[in-house]
Amino acid sequence: MAAKKLTLEESFDQLDALIEQMQQGDLSLEESFQKYEEGMKLVKNCTQAIDKVEKKLETIQAQQDA
């Protein structure tokens, strides 16, 4: 089954939760690496979503300037 694509807001919420878990210091080294990997995937998702919006805005701006 395919994973649901998270919205930007959902990604930020999950990132906040991961950061909070890692800052508590209760995780083993292995768990910390796993959380870090999850966080990097979420950051990538956020970056892609923001890039997509920026490209749309650039297209709109270019159409208005023409």
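The model is predicted: local features need pLDDT of at least 70, side-chain atom pairs count only at pLDDT 80 or more, and totals for chains, interfaces and linings use all residues. Numbering starts from 1 along each chain as its sequence is written, and side-chain values use heavy atoms, with hydrogens and water left out.

**Helices and terms**

Helices here are DSSP runs (H or I, at least four residues), numbered from the N terminus. Buried means under 20% relative accessible area, exposed means over 50%, and partly exposed lies in between (1.4 Å probe, protein chains only). Accessible areas come from the Shrake-Rupley method with a 1.4 Å probe; for residues, only the protein chains shown count as cover.

**Surface patches**

Patch residues have over 30% relative accessible area and no salt bridge; like charges are joined within 9 Å, and nonpolar side chains (Val, Leu, Ile, Met, Phe, Trp, Tyr) within 5 Å. A salt bridge is a side-chain nitrogen of Lys or Arg within 4 Å of a carboxyl oxygen of Asp or Glu. Lys and Arg count as positive, Asp and Glu as negative; His and the chain ends are not counted. Each charge is placed at NZ of Lys, CZ of Arg, CG of Asp or CD of Glu.

Lys5, Lys44, Lys52 and Lys56 make up a positive patch.

Glu9, Asp13, Asp16 and Glu20 make up a negative patch. Glu20 lies in α1. Glu20 is exposed because its relative accessible area is 52%.

The nonpolar patch consists of Met22, Tyr36, Met40 and Val43, with about 370 Å² of accessible area together. Helix α2 gives the largest share of this patch, three residues. Val43 is in α2. Val43 has a relative accessible area of 36%, so it is partly exposed.

**Buried positions and their contacts**

Contact means heavy atoms within 4.5 Å. The contacts below leave out residues up to four places away in sequence.

With 0% relative accessibility, Ser11 counts as buried. Ser11 touches Leu6, Leu42, Asn45 and Cys46.

Lys35 is placed in α2. Is Lys35 buried or exposed? Lys35 counts as buried, because its relative accessibility is 19%. Lys35 is in contact with Leu18, Gln21, Met22 and Leu27.

Gly39 is also found in α2. Its relative accessible area is 9%, so Gly39 is buried. Gly39 touches Leu15 and Leu18.

Gln48 is another α2 residue. Gln48 is partly exposed because its relative accessible area is 42%.

**C-alpha separations**

The table pairs some of these residues with others along the chain.

| Pair | Apart in sequence | C-alpha to C-alpha |
|---|---|---|
| Ser11 and Glu54 | 43 residues | 18 Å |
| Gln48 and Leu8 | 40 residues | 9.4 Å |
| Lys35 and Glu58 | 23 residues | 34 Å |
| Gly39 and Ala17 | 22 residues | 9.7 Å |

How many residues apart along the chain are Gly39 and Ala17? They are 22 residues apart, with C-alpha atoms separated by 9.7 Å. Lys35 and Glu58 are 23 residues apart along the chain, and their C-alpha atoms are separated by 34 Å.

Technical notes. Helices (H or I, at least four residues) and strands (E, at least two) are DSSP runs, numbered from the N terminus.
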